[in-house]
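Shall we take a friendly walk through a model together? Have your viewer ready, and we will go one question at a time.

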Amino acid sequence: MTQNLTTIGFDADDTLWQNEALFQMTQDRFATLLTDYAEADHLAERLEAAEQRNLGRYGFGIKGFVLSMIETAIEVTSERVPARVIRALIEAGQQMLDHPIELLPGARDAVEGLAGRFTLVLITKGDLLDQERKLAQSGLGEMFDAVEIVSDKTPQIYASAFERHGGGAETAMMVGNSLKSDVIPALEAGAWAVHVPHDLTWSLEHAEAPHEDERFFQIDNLAELGRVIDQIG
Ligand SMILES: [Mg+2]
């Protein structure tokens, strides 16, 4: 027997608003700044390795990304990277932190349409201050009943978040662009999960779609979310 859906968790970055595009733009700038020292491909690989290595120390977000760019710049230049390049990388990070929010198609309508009918929880990784700023700027903040800014997205994190904001994972749904962070661990916790793919997804967020799982759904954009909810409702 299916239990009723009461709580809906939304991922933020690249689900409700653009995010990865900003990282990729900055990464292109990084490659331009270091063009005399390393090929773009090679540089991207080294940066990804640094980000992976540093996740446990810095967590997710722009500040950690800037530190990983600086570390990679030092490595690929054999410690000869000019201070003006370091300064440009710091400024690029500051510009990311100041960048205005750009909502994704259907995001506002989807959240508006569900607010009041379900308990809505924003569940996101990243820097606390930056995520709070983005939510305030998005104009969606008022429609969420709760915000959970978490250091990682694991089945345990989802289980406890959905326990705090409803009747547990069995009566909850997670909606997001990352199979690895938003879909698979939420399914493992016992929730429904809706994948809304984004053209740009960070290389460290790739995973296989669990098509055989009957609690798994995939939609093209958030305008289709209501249909999925009616289907299980
Ligand atoms: Mg995301």
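What follows is a set of questions and answers on this predicted model.

Q: Which residues coordinate the magnesium ion, and at what distance?
A: Start at the ion and look at the atoms around it. Asp11 contributes OD, Asp13 contributes O and Asn177 contributes OD1. So the answer is Asp11, Asp13 and Asn177, with a distance of 2.2 Å.

Q: What spacing do the donors of the magnesium ion follow along the chain?
A: The donors are Asp11, Asp13 and Asn177. Read along the chain, the spacing of these donors is D-x1-D-x163-N.

Q: Is Asp11 buried or exposed, and what is its relative accessible area?
A: Buried means under 20% relative accessible area. Asp11 falls under that cut-off, so Asp11 counts as buried, and its relative accessible area is 5%.

Q: Is Asp13 buried or exposed, and what is its relative accessible area?
A: Asp13 gives its O atom to the magnesium ion. The cut-off for buried is under 20%. Asp13 is therefore buried, and the value for its relative accessible area is 16%.

Q: Where is Asp14, and what is its phi?
A: Asp14 sits in the loop that runs between strand E1 (7-10) and H1. This residue is buried, with a relative accessible area of 6%. Although Asp14 is not a glycine, its phi is positive, at about 65 degrees.

Q: How are H1 and H3 oriented to each other?
A: Helix H1 covers residues 20-33 and helix H3 covers residues 62-76; their axes are 12 Å apart and the packing angle is about 20 degrees. Angles under 35 degrees count as roughly parallel. Therefore the orientation of H1 and H3 is roughly parallel.

Q: How do the residues of the contact of H1 with H3 divide?
A: On the H1 side the contact has Phe23, Thr26, Gln27 and Phe30, and on the H3 side Ile62, Phe65, Met69, Thr72 and Ala73. Sorted by type, these residues of the H1 and H3 contact come to six nonpolar, three polar and no charged.

Q: Which residues in H1 meet H2?
A: H1 passes H2 in a right-handed crossing. On the H2 side, the contact involves Ala40, Leu43, Ala44 and Leu47. Their partners in H1 are Gln27, Phe30 and Ala31.

Q: What is the orientation of H3 to H4?
A: H3 packs with helix H4 (residues 83-98) at an angle of about 160 degrees, with axes 10 Å apart. Because angles over 145 degrees count as roughly antiparallel, the orientation of H3 to H4 is roughly antiparallel.

Q: How do the residues of the contact of H3 with H4 divide?
A: From H3 come Ile62, Phe65, Val66, Met69, Ile70 and Ala73, which meet Ile86, Leu89, Ile90, Gly93, Met96 and Leu97 in H4. Gly counts as polar in this sorting. The division for H3 with H4 is eleven nonpolar, one polar and no charged.

Q: Which residues does Thr77 touch, not counting residues up to four places away in sequence?
A: Thr77 is in the loop between H3 and H4. Its relative accessible area is 0%, so Thr77 is buried. Not counting residues up to four places away in sequence, the residues in contact with Thr77 are Leu34 and Tyr37.

Q: Is Ser78 buried or exposed, and what is its relative accessible area?
A: Ser78 also belongs to the loop between H3 and H4. Although not a glycine, Ser78 has a positive phi of about 50 degrees. Exposed means over 50%, so Ser78 counts as exposed, with a relative accessible area of 54%.

Q: What separates the C-alpha atoms of Ala223 and Gln95?
A: Ala223 lies in the loop between strand E6 (216-218) and helix H9 (225-232). With a relative accessibility of 61%, Ala223 is exposed. Ala223 and Gln95 are 128 residues apart along the chain, and the separation of their C-alpha atoms is 31 Å.

Key:
Residues are numbered from 1 along each chain as its sequence is written. This is a predicted model: local features need pLDDT of at least 70, side-chain atom pairs count only at pLDDT 80 or more; totals for chains, interfaces and linings use all residues. Side-chain values use heavy atoms; hydrogens and water are left out. Donors are N, O and S atoms within 2.8 Å of the metal (3.2 Å for Na, K and Ca); water is not among the atoms, so sites may look incomplete. Buried means under 20% relative accessible area, exposed over 50%, partly exposed in between (1.4 Å probe, protein chains only). Axes are lines fitted to C-alpha atoms, for helices over the stretch in contact, and angles run from 0 to 180 degrees between N-to-C directions. Helices (H or I, at least four residues) and strands (E, at least two) are DSSP runs, numbered from the N terminus. Angles under 35 degrees count as roughly parallel, over 145 as roughly antiparallel, 65 to 115 as roughly perpendicular and the rest as oblique. Contact means heavy atoms within 4.5 Å. A crossing is left-handed if the near helix is turned anticlockwise from the far one by less than a right angle, and right-handed if clockwise.
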